[in-house]
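Visitor: I am new to this model. Please take one part of it and show me closely how that part sits in the rest.

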Amino acid sequence: MRTGPNSRTMIAMLVPRIGIEHNIPALWPKPRGDHSLSILLLGNLNSVPYDYFARTKIHHNHFTDTFLKQIPLVPPTAYTRSFGKQSAADIVKAEVLALTYTAHDMDPFARDMGYDGAPFAWDEMDRLKRRAKLDALYFILYGITNRDDVDYIYSTFPIVKAQEEKQHGRYLSRDYCLMYMNALEAGDPDANIVI
């Protein structure tokens, strides 16, 4: 976890059942069974809207359980919302799988997700687009659909903006997110967006 007005606050991840430091909040799913809610939670915790909300609450270096309980999460019922032929849950599960399963040490996770293919190749542009698609979905699920509000929230990540503008000549995360919001609202979650 990194904190401060210019950096990401929340970085959630899957880790094996191991001991972790006391100031790192850990959520442990049930040992067996359907982990769907865990995957939806992972997507939510890594979204730009959630990160923005977290930074309005946290003003120091520790993201504790207390903060975790204070920051709004998308309720499980919201994931039934349809975007074309896919539910929000389907979209999150597919993108989280692709972003997480990039090495064989995550084979158990992929099998739990019902996936038996090879790990996904690590491609920076593909990952940026997948994260932008998830962010677009979470903006919609949080009810933040005004494009000026989305633009403002992205403006609160000036280091990311500067890095992307230097590398790509534009703020790609924001631009892809806004385009994916349009595609999702049009019922086309599989739109091939090219900038």
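Guide: Along the sequence, the chain runs α-α-α-β-β-α-α-α-α-α-α. That pattern holds nine helices and two strands. Helices (H or I, at least four residues) and strands (E, at least two) are DSSP runs, numbered from the N terminus. The model is predicted: local features need pLDDT of at least 70, side-chain atom pairs count only at pLDDT 80 or more, and totals for chains, interfaces and linings use all residues. Residues are numbered from 1 along each chain as its sequence is written, and side-chain values use heavy atoms, with hydrogens and water left out.

Confidence comes next. pLDDT is the predictor's confidence in each residue, from 0 to 100. Its mean over the chain is 86, and 77% of the residues reach 70 or more. Residues 1–7 stay under 50. Where pLDDT is low, the predicted coordinates should not be read in detail.

Now the part itself. H1 spans residues 36–45 and is mostly covered, with seven of its ten residues buried. Buried means under 20% relative accessible area, exposed over 50%, and partly exposed in between (1.4 Å probe, protein chains only). The buried residues of H1 are Ser-36, Ile-39, Leu-40, Leu-42, Gly-43, Asn-44 and Leu-45. Across the chain's 195 residues, 43% count as buried.

One partner of H1 is helix H4, residues 88–100. The two pack at an angle of about 75°, with axes 9 Å apart. Axes are lines fitted to C-alpha atoms, for helices over the stretch in contact, and angles run from 0 to 180 degrees between N-to-C directions. H1 is therefore roughly perpendicular to H4, a label for angles of 65 to 115 degrees (under 35 is roughly parallel, over 145 roughly antiparallel, the rest oblique).

Who meets whom? From H1 come Ser-36, Ile-39, Leu-40, Leu-42 and Gly-43; from H4 come Ala-89, Val-92, Lys-93, Val-96 and Thr-100. Contact means heavy atoms within 4.5 Å. By class, this contact has six nonpolar, three polar and one charged residues. Ala, Val, Leu, Ile, Met, Phe, Trp, Tyr, Cys and Pro count as nonpolar, Asp, Glu, Lys and Arg as charged, and the others, Gly among them, as polar.

The C-alpha atoms of Pro-76 and Leu-41 are separated by 8.9 Å, though the two are 35 residues apart along the chain. Pro-76 lies in the loop between helix H3 (65–70) and strand S1 (82–83). Pro-76 is exposed, with a relative accessible area of 52%.
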